[in-house]
Amino acid sequence: MNRKDGQFRPVAVPDVDLGGFWGKWQDAVSDSTAEILLDRCEAAGMIKAIDVNQPSPGVVIPIQPWGGTTQMFWDSDLGKSIETIAYSLYRKPNPKLEARADAIIDMYERLQDTDGYLNAWFQRVQPDRRWTNLRDHHELYCAGHLMEAAVAYYQATGKRKLLDIMCRYADYMITIFGHGEGQIPGYCGHEEIELALVKLARVTGEKKYLELSKYFIDERGIEPKFFTAEAIKDGRDPANFIQKTYEYGQAHEPVRDQRKVVGHAVRAMYLYSGMADIATEYKDDSLTEALEALWDDVVTKQMYITGGIGPSASNEGFTDYFDLPNETAYAETCASVGLVFWANRMLGRGPDRRYADIMEQALYNGALPGLAIDGKTFFYDNPLESVGKHHRWTWHHCPCCPPNIARLVTSIGSYMYAASDDEIAVHLYGESTLRCELANGAKVTIRQTTNYPWEGTIAFTTELAKPARFALSLRIPEWADGATLSVNGTMIDLAANVIDGYARIERDWTDGDRVALLLPLALRPQYANPKVRQDAGRVALMRGPLVYCVETTDNGHDLSAIVLPAELPAGETTVLDDLHNAVAVDLPVERDDSSDWGKSLYRNAPAKRVKDKARFVPYHLWDNRAPGEMLVWVQSEK
């Protein structure tokens with residue numbers, strides 16, 4: 001079978017129990033973040049905004065020159081917060097938190113119009129502006145996040161009130177959007193509704209929601225441009241808008257013709273995620289072809305080693321090829337979360353290491369830094385270098401990132417595993433238990449035992465009531481030189497059994513079968529393409545999926561004076577109790593010594609070098625201890 005003819009769908013979040021590395025992060029969200037999200041949403045006025053029993057708060061965040069305000073997006077923040085709560089409730093029941101979420105859902109039920117429309121801003125602040133500026137006002141974006149929350153809350157709690165609310169809203173949208181008489185032939189300026197509708201379709205079995213998602217994707221960027229006609233109809237100058245280019249929202253040309261990743265990074269990732277879902281559901285090779293070209297464009301020319309994307313703050317997105325500054329890197333947390341979404345959905349047509357490896361890289365190093373280990377503070381942007389002034393914050397005027405990374409962390413089990421009719425794919429490794437039922441009726445439980453990513457030894461044990469035939473596909477990362485695999489003690493020839501980077505084991509499985517996988521976690525130097533001028537003469541270190549960095553806490557100041565030798569020396573590993581038992585690496589290095597430099601700013605001889613030792617820690621954990629400098633790319637003798 002052509003693997004691209006497969007249809008692999010993520011398992012449901014409640015079908016996976018997490019322990020180990022990800023279990024600790026989920027506990028942080030369940031114990032702290034989930035409640036913090038609601039507390040800070042409430043403090044911002046978001047709860048009052050949807051409560052029809054209270055006067056509308058009106059305009060809390062002033063309307064900006066582009067005609068909108070981040071207050072318009074509040075429904076999305078509440079949606080992602082409810083989604084986070086849903087997943088956290090599955091891990092740790094919390095009646096008080098669940099009651100708060102139920103109360104918010106009740107408010108949305110009372111707020112919803114009889115026709116199904118639901119949006120706090122356009123019902124209570126600017127009701128005359130409904131559907132008048134899809135380009136800028138995020139109506140469908142907000143709906144999408146509420147839909148995702150509805151699916152999550154239903155799966156985690158069995159309560160379908162929010163699901164029914166959002167189904168009514170989606171049914172209403174089907175009547176509003178299209179090319180029929182009186183319909184709006186448009187789509188959202190900020191993509192998100194596309195992937196949300198697929199989730200809604202999958203949980204309800206209603207294909208009409210897939211069709212609406214496909215419509216939004218098919219319409220995007222076609223001529224004549226909808227956003228131009230919309231602006232003219234609304235009395236706005238179609239040439240005068242934020243960023244002044246349709247590339248900002250990937251609406252510059254039809255999606256199947258796009259080959260270069262441009263514009264706002266989060267919007268792009270959400271669009272490509274929706275496109276990949278539709279490609280899977282409809283086996284649409286034209287979408288897959290475009291997505292494969294876009295994928296290569298971003299990962300070979302526009303992605304930080306951390307999986308961060310979008311270097312520029314001015315457009316929260318992409319600039320030129322190989323433009324990857326470190327200290328000023330924007331690399332928004334939401335953008336890396338979106339890259340994880342997209343990569344995961346690119347696996348929908350079949351396991352492929354080139355997507356899963358990047359999903360893992362972006363997850364650990366691009367997205368996870370956005371959350372402190374105690375779950376209480378956050379990063380919005382993620383530079384790869386800091387002089388000591390970049391720190392986590394408690395909230396933000398546009399608080400999209402905290403609930404985004406929180407919902408990803410608490411739903412990570414659904415990214416680890418996917419299933420088709422007769423195959424289970426393991427995309428990510430971590431202490432976990434999977435329960436799923438295949439199309440042939442086989443009920444399968446697989447226990448994964450490991451201390452990954454700190455150690456590379458991974459074991460899988462099957463639990464089956466009766467024997468079953470299916471395939472188990474395990475990702476062999478590109479970096480895992482010397483990987484080994486065995487089934488019940490018998491070694492598997494990886495060279496003969498690896499397809500697209502996955503070891504595929506198809507057999508009749510019985511209860512208690514054991515699969516052992518070893519992924520060597522050798523420390524390895526990484527060098528940037530010479531076209532990335534900011535990294536010239538520098539080297540970064542990775543161990544397994546993790547990018548490492550140096551911090552003032554361990555190494556003192558002047559981190560740029562650290563020089564790694566041409567040949568990477570043997571290092572010593574140390575377990576850091578204060579950082580979730582993370583593995584640090586101590587290496588012998590040299591340092592530029594400025595002690596005898598004198599008062600001159602410049603001179604005709606370089607600084608002498610002295611022998612020293614440097615401690616490298618996982619990048620995703622930086623700024624969790626004493627504040628200070630941080631550096632990913634250090635000097636190299638090479």
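Start with the sheet: 6 strands form an open sheet in the order 1-4-5-9-13-12, with mixed pairing. Strands here are DSSP runs of E with at least two residues, while helices are runs of H or I with at least four, and both are numbered from the N terminus. Two strands pair if DSSP finds at least two bridges between them. The model is predicted, so local features need pLDDT of at least 70 and side-chain atom pairs count only at pLDDT 80 or more, whereas totals for chains, interfaces and linings use all residues. Residues are numbered from 1 along each chain as its sequence is written, and side-chain values use heavy atoms, without hydrogens and water.

Ile499 has Tyr502 of strand 13 as its bridge partner.

Now show helix 14 (residues 353-367). Helix 14 lies across strand 9 (468-475) and strand 13, where contact means heavy atoms within 4.5 Å. Helix 14 runs at about 60 degrees to strand 9; axes are lines fitted to C-alpha atoms, for helices over the stretch in contact, and angles run from 0 to 180 degrees between N-to-C directions.

Last, select the cysteines. The structure holds 0 disulfides, a disulfide being a pair of cysteine sulfur atoms within 2.5 Å. The sulfur of Cys334 is in no disulfide, and the nearest cysteine sulfur, in Cys401, is 3.5 Å away. Cys334 is buried at 1% relative accessible area (buried is under 20%, exposed over 50%, partly exposed in between, with a 1.4 Å probe and protein chains only).
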